[in-house]
Each structure stands twice: as structure tokens, then as C-alpha cells.
Amino acid sequence: MTIGADRYGSRAGTLVFLGCVALSVAAMSMPDTWREPVSRAIRQTILAPFLALQEETETLRSSRARLAAVTAERDSAMLAAAFLPELRAENARLRSLLGLGSRLSVTYVPAEVLHEAGPTDPLTFLVSAGRRQGVRPLDTVVSPEGLVGVVASVDEQTSVVATWAHPEFRASAMAVDGSVYGIVAPRGSEGPGIWLLELQGVPYRNQVPDSTLIVSSGLGGVIPRGIPLGTVIGPGAEVEHWERTYLVRPAVHPAAVTHVMILTGAPRNGGSLKDLFQAEGKSP
Amino acid sequence: MRKSDRYRFWIVLIGLVLLHFSVRTRLGDDRIAPDFLLLALLMYTIRAAPGPSAVAGFAVGLLRDALTPASFGSAALAHTLVGYLSSWAKAVFFAENLFVNGCILFGGTWVRNLVVVLASGELKGSPLAWELLVWSPLQSLTTAAVGVVVLWTLGRWVSVRVGDA
């Protein structure tokens with residue numbers, strides 16, 4: 001094959017290129033209120049079949065492992081089912097004796113993470129559940145280890161999740177025993193502390209030991225109480241003897257997550273979800 | 001050139017797009033897995049004129065932006081630049097050589113990542129260095145390797161000038 005050099009002399013081509021660059025810059029300058037409808041329109045039209053294909057692939061990828069797990073669970077469930085009515089009755093009787101309510105439960109939607117190749121993928125990513133599955137904006141997204149992020153926007157079949165690494169992410173947090181409260185935010189995109197969280201706004205008189213588990217406090221009503229955010233790994237900075245900041249190693253790294261749960265309902269009685277997670281760390 | 005060869009070129013491009021949304025997630029870490037979508041774009045642009053290449057790059061970039069809205073517009077800018085420059089690079093090197101094409105695929109992927117991280121402004125300092133000196137070269141390498149394999153195995157199918165198609 002030979003390529004003719006004459007085709008590179010087109011002034012129209014240069015103008016087209018400059019036009020595309022100008023449109024790209026305009027897209028970068030668009031306010032968020034314009035970006036989201038444009039992104040959504042593209043995802044729901046041109047990209048819809050490709051996202052469906054990616055979702056199917058993700059489902060297939062995990063189906064073999066799931067089959068083995070489901071088979072094992074089914075066998076266990078059959079065994080347990082034989083004793084279930086008796087156990088339920090006994091549980092209810094003991095709870096009533098102790099004055100406890102029913103076990104905490106929360107509704108959720110499972111979803112696959114549709115990762116994209118790109119340096120900014122850990123900040124926001126798509127998940128394979130949307131409005132049709134009952135997902136709403138600001139729903140909390142978790143994995144078995146802890147908080148992944150919150151739903152930023154919802155399409156019919158997919159949703160955009162802003163992870164804890166997103167510069168605008170903030171969560172009200174506390175030490176697992178409730179002794180210290182603060183705000184958790186991403187550490188930033190510069191320096192050795194990238195992909196870490198910061199526990200900010202801790203009163204100066206409060207010390208938080210290393211390895212303390214930090215969980216969401218539930219204040220603000222967006223993220224339920226008790227979801228692990230990470231563990232303290234050391235002090236960050238202090239502001240004029242007024243407040244302290246601590247570095248927190250996140251419970252979950254967004255790039256490593258393949259499946260998530262989107263919490264679509266608040267826990268009963270506004271209770272804590274702490275016991276439902278497998279986070280590491282300890283009480284101070 | 002047979003008439004059917006023109007259609008085979010587009011079939012290869014569509015195949016690469018489908019691979020991007022199906023196989024890529026099984027190929028390991030997202031940061032180094034080959035980018036089939038960019039590969040399809042580059043295979044188009046090294047055979048097309050700069051103007052249509054820029055338009056194709058802009059379109060692919062806009063699709064990327066819709067998938068990663070954290071830095072909307074940066075992928076469109078990056079893919080436009082890469083599409084246009086790769087088309088020009090082919091004119092400069094001119095020769096139809098597998099090694100040259102591999103170098104264009106490698107450089108195109110790296111430049112795309114460079115423009116995305118700079119335009120989005122999300123990474124600075126050492127993370128930026130890691131991205132540009134470690135992850136991007138690795139992804140460029142895997143993308144170029146897949147591209148070379150495609151060109152080597154399906155060379156006759158993809159050696160079609162788009163203007164002829």
C-alpha cells in the first residue's frame with residue numbers, strides 16, 4: 001500500500017482539526033449542569049449496546065465462581081433450613097427477653113463495575129444498575145470491605161459513581177467507638193499521600209491512635225452510619241492548635257472493585273451498619 | 001484491491017471496538033490492559049487524511065468522556081490530537097512498515113494518556129510521574145503489541161486506504 005502525500009496538503013483538514021480542538025476545549029469548559037445531560041444522552045444512545053455487552057461480559061466472568069459459591073450456599077442453606085423455624089422462634093424469644101429489636105437490614109442493589117481504560121477511572125466509574133433497578137442519586141455504594149462512593153447520576157440501566165477519591169467527595173465520619181468525629185475527604189492528587197483519605201476537623205484535644213477504624217457517622221443523612229471508610233495510619237497536619245488532621249488508609253481502592261452494592265434504603269431505625277462489614281482496624 | 005477488502009477493514013475496526021467492551025476487562029489491570037478502542041482509532045487514522053482523523057478522534061474521545069465524566073472534554077481533546085498527529089506521522093514516515101506502525105501505536109497511546117492527565121489536571125507530582133513513566137508506557141506497550149499482532153495476522157485486510165473504502 002502506498003499513501004499519497006497530496007492528501008496531507010488540505011487546508012480544510014487543518015480547519016476541521018482546529019474546530020475539533022475548539023469543541024473539546026468548549027466541552028472541558030462546560031458547567032456540570034450541561035455536562036451530565038450530554039454524557040447521559042451519549043450513554044443511553046450510542047454507548048447503550050456496548051455497555052450492555054460489557055455488563056454481560058462482567059456477569060459471565062464472575063458466573064463460574066458464583067456457581068461454585070451458590071452451590072455451596074445452597075447445600076448449607078438446605079441444611080440450615082431444617083432448623084430454621086426453631087431457630088427463628090428461639091431468636092425472637094431471646095430478643096424479646098433482652099428487649100432488642102429485630103436485626104438491622106438494609107435494601108441494596110448489586111451491580112458490576114464497568115471500568116474504563118483511563119487515568120481518571122478511579123475518580124468516577126459506571127456501574128450496571130440504574131433507575132430501573134431502583135438506584136437514585138446520592139445512594140451509597142459499598143463493597144464488602146467498606147465505602148466505595150456515592151451515586152452521582154442515574155441513567156435507565158447504568159449509574160455514575162463518584163468514588164471517595166473524587167476531589168469533591170466528603171463524608172461525615174467518626175472513630176468506630178464514637179469518641180471522635182470529623183469529616184473525611186480525599187487527600188488530594190499530589191505528593192506521597194495520594195489515594196489516601198484525610199480525617200479533618202478533629203478537635204485539637206482529641207488524639208486518634210493509629211489503626212483506629214474510621215466509619216461513617218450518618219450525620220447529614222446521605223451515607224448511613226457505620227460503614228467503614230478506612231483505618232488511621234498517622235497524623236496529617238494540625239491547624240494552629242485548633243484542629244488535627246489524620247491520614248486514613250481507605251478500606252477499598254476503587255480501581256480494585258469489580259462488584260458493588262448500592263444501598264437503596266436507609267437502615268431500619270437509623271441503625272448502624274458496622275457489623276455487616278469485614279473491615280480491618282480496631283477501636284481506639 | 002478486491003472490493004471485499006474494503007469491508008474487511010471496517011469489520012476489523014468493529015471487531016476491535018467489540019473486544020474493548022468484552023475482552024479487555026479480562027486482560028488484567030485496567031491501567032495496563034490494551035486499549036482496543038484507541039487501537040481501532042489509530043488503525044483508522046494512519047490510513048486516513050488528517051481532517052477525518054481529527055473528527056474520528058473527537059468522536060471517540062467524546063464517547064470516552066461519557067464513560068468517565070470526571071474529566072469531561074479531556075479525552076475528546078486528547079483523541080483529537082492523537083488522531084490528527086498520527087495521521088501526520090504516517091505521512092512523515094510514509095513507509096508501510098510493521099515496526100513503524102508499532103511505534104505510532106505506542107506513541108499514540110502514550111500521548112493520549114499524557115494529554116488526558118494534563119488536561120484533566122487530576123494528577124500532579126509523583127502520581128503524574130508514575131502515570132506517565134510506568135503505567136502509560138506499559139499500556140502503550142500492550143496496545144502496540146496487540147496492534148502489531150493484528151497488522152501482522154490481518155495485514156491484507158487492514159492495509160486499505162480509507163479514501164478507497
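The legends below walk through several close-up views of a predicted model.

Residues are numbered from 1 along each chain as its sequence is written, while chains are lettered from A and ligands numbered from 1 in the order in which they are written. Since we are looking at a predicted model, local features need pLDDT of at least 70 and side-chain atom pairs count only at pLDDT 80 or more, but totals for chains, interfaces and linings use all residues.

**View 1. Where chain A meets chain B.**
Chain A puts 48 residues into the contact and chain B puts in 54. (Residues are in contact if their C-beta atoms, placed from the backbone, lie within 7 Å.) On the chain A side, the elements that give two or more residues are α1 (11–29), α2 (32–44), α3 (48–98) and β2 (124–127). Helices (H or I, at least four residues) and strands (E, at least two) are DSSP runs, numbered from the N terminus. The biggest giver on this side is α1(A), with eleven residues. Sorted by class, the chain A side has 27 nonpolar, 13 polar and eight charged residues. For the classes, Ala, Val, Leu, Ile, Met, Phe, Trp, Tyr, Cys and Pro are nonpolar, Asp, Glu, Lys and Arg are charged, and the others, Gly among them, are polar.

**View 2**
Strands pair if DSSP finds at least two bridges between them. β1 (residues 108–114) and β2(A) are joined by two bridges, in the antiparallel sense. Look for Val113(A), which sits opposite Val127(A) of β2(A).

Val148(A) belongs to strand β4 (residues 146–154) of chain A. With 27 other C-beta atoms within 10 Å, Val148(A) is buried. (The cut-offs, with C-beta atoms placed from the backbone: 20 or more other C-beta atoms within 10 Å is buried, 12 or fewer is exposed, and in between is partly exposed.) Leaving aside neighbours within four places in sequence, Val148(A) is in contact with several residues, among them Val141(A), Val161(A), Val252(A), Pro254(A) and Val260(A). Trp164(A) is 16 residues away from Val148(A) in sequence, yet their C-alpha atoms are 6.2 Å apart.

**View 3. Strand β6(A) between two partners.**
β6 (residues 171–175) of chain A has four of its five residues buried, so the rest of the structure largely encloses it. One partner is β7 (residues 181–186), antiparallel to β6(A) and joined to it by four bridges. In that pair, Ala171(A) faces Val184(A). The two strands make a hairpin with five residues between them, and Gly178(A) in the turn has a positive phi of about 80°. β9(A) also runs antiparallel to β6(A), over three bridges, with Met174(A) opposite Val215(A).

**View 4. Two loop residues with positive phi.**
Leu138(A) isn't a glycine, but its phi is positive, near 75°. You'll find Leu138(A) in the loop between β2 and β3 (140–143) of chain A, partly exposed with 13 other C-beta atoms within 10 Å. Ser211(A), also not a glycine, has a positive phi of about 70°. Ser211(A) lies in the loop between β8 (197–203) and β9 (213–216) of chain A, and is partly exposed with 14 other C-beta atoms within 10 Å.

**View 5. Helix packing in chain B.**
Chain B has seven helices and zero strands, and 52% of its 165 residues count as buried. The axes of α2 (residues 36–45) and α3 (residues 50–67) come within 9 Å and cross at roughly 170°. (Axes are lines fitted to C-alpha atoms, for helices over the stretch in contact, and angles run from 0 to 180 degrees between N-to-C directions.) α2(B) and α3(B) are therefore roughly antiparallel, the word for angles over 145 degrees. Leu37(B), Leu41(B), Tyr44(B) and Thr45(B) of α2(B) meet Ser53(B), Ala56(B), Gly57(B) and Val60(B) of α3(B). That contact holds five nonpolar, three polar and no charged residues. α2(B) is mostly covered, with ten of its ten residues buried.

Note on methods. Contact = placed C-beta atoms within 7 Å. Parallel < 35°, antiparallel > 145°, perpendicular 65-115°, else oblique.
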